[in-house]
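Dear colleague,

I am handing over the structure we spoke about, and it is shown just below. Please have it open while you read the notes that come after it.

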Amino acid sequence: MMPKQPKEIPISRREFLLGAAVCGGLVAAFGDTSTFSTAPTAIETTHIDIAVPNLAPGLEGLKIAFVSDIHLGPFLPRTWLEHIASEVRREKVDLFLLGGDYVWIGRPALFDLYAQFMNHDYAGLRKQELREATFADVPRLLSNANPRLGQFAIYGNHDRWEGSKLCSM
């Protein structure tokens, strides 16, 4: 079987130069490209104990995980969502709350340029294909978090912009 050839991504000279200028400016501002790493090392788990007066005894010690503004897409690979689900399982969370903004597509030509070098998950997909793929990936990748009492989600402004009809958790 012949290996699949990479899909050619149509990008104008202007879009390429704009993308290169933006990336160059960001690297100059932050020092190096490690800031833009696609490895899920920047995810932080913060534990906060909240005292609730007159709390029902059955709710004592309830563990809630809250995640928002994931923005899965060309800049953020699927491995981040896999890592989030793994953290929820590791922490033995009771309730998993998702606060919206699961995907972000933006300007496809610039994201395609970025995806070629940093995040190959969605490289070469047209905008509608990218929307469909990211909206399908979010519930699939987070469904194995397995919180004891379930997970609940709302969608955010980015989800609405990208096609809230595609968003189903």
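The notes below go from the overall picture to particular residues.

Please keep in mind throughout that this is a predicted model. The average pLDDT of the chain is 74, and 62% of the residues reach a score of at least 70. The stretch to treat with care is residues 29–37, where the pLDDT is below 50, although in the model this stretch has eleven contacts beyond its near neighbours in sequence.

As for the overall fold, the chain holds five helices and three strands, and, read from the N terminus, these elements follow one another as α-β-α-β-α-α-β-α. Of its 169 residues, 34% count as buried, and the accessible surface amounts to about 11100 Å², with 59% of that belonging to carbon and sulfur atoms. When contacts between residues at least 6 apart in sequence are considered, 85% of them join residues at least 24 apart.

There are seven salt bridges in the structure. One of them pairs R78 with D137, with 2.6 Å between the closest N and O atoms, and this pair links distant parts of the chain, since R78 belongs to helix α2 while D137 belongs to helix α4 (residues 127–142), 59 residues away. R78 is classed as partly exposed because its relative accessibility is 23%, whereas D137, at 6%, counts as buried. D137 also forms a salt bridge with R140, where the closest N and O atoms are 2.8 Å apart; both of these residues lie in helix α4, three residues apart, which is about one turn of the helix. R140 has a relative accessible area of 48% and is therefore partly exposed.

Elsewhere, salt bridges that share partners join K63, E87, R90 and E91 into one network. Within helix α2, E87 and R90 are bridged at 2.9 Å between their closest N and O atoms, and they, too, are three residues apart, about one turn of the helix. E87 is buried, with a relative accessible area of 15%, while R90, at 51% relative accessibility, counts as exposed.

Not counting residues up to four places away in sequence, K63 touches E91, K92, V93, D94 and L95, and its C-alpha is 8.7 Å from that of F96, although K63 and F96 are 33 residues apart in sequence. K63 is partly exposed, with a relative accessible area of 36%, but E91 counts as buried at 13% relative accessibility. With its neighbours within four places left aside, E91 is in contact with T45, H47 and K63, and the side chains of E91 and H47 make a polar contact at 2.9 Å.

Finally, there is a nonpolar patch on the surface, formed by I48, I50, V52, L55, L59, L62, I64 and L149, which together have about 740 Å² of accessible area. One of these residues, I48, lies in the loop between α1 (13–30) and β1 (64–67), and I48 counts as exposed because its relative accessibility is 64%, where the cut-off for that class is over 50%.

Terms used. Residues are numbered from 1 along each chain as its sequence is written. This is a predicted model: local features need pLDDT of at least 70, side-chain atom pairs count only at pLDDT 80 or more; totals for chains, interfaces and linings use all residues. Side-chain values use heavy atoms; hydrogens and water are left out. Patches are made of residues with over 30% relative accessible area and no salt bridge: like charges are joined within 9 Å, nonpolar side chains (Val, Leu, Ile, Met, Phe, Trp, Tyr) within 5 Å. Accessible areas come from the Shrake-Rupley method with a 1.4 Å probe; for residues, only the protein chains shown count as cover. A salt bridge is a side-chain nitrogen of Lys or Arg within 4 Å of a carboxyl oxygen of Asp or Glu. Helices (H or I, at least four residues) and strands (E, at least two) are DSSP runs, numbered from the N terminus. Buried means under 20% relative accessible area, exposed over 50%, partly exposed in between (1.4 Å probe, protein chains only). pLDDT is the predictor's confidence in each residue, from 0 to 100. Contact means heavy atoms within 4.5 Å. A polar contact is a pair of N or O atoms within 3.5 Å; within protein, one must be able to donate a hydrogen and the other to accept it, and residues adjacent in sequence count only if both atoms are side-chain atoms.
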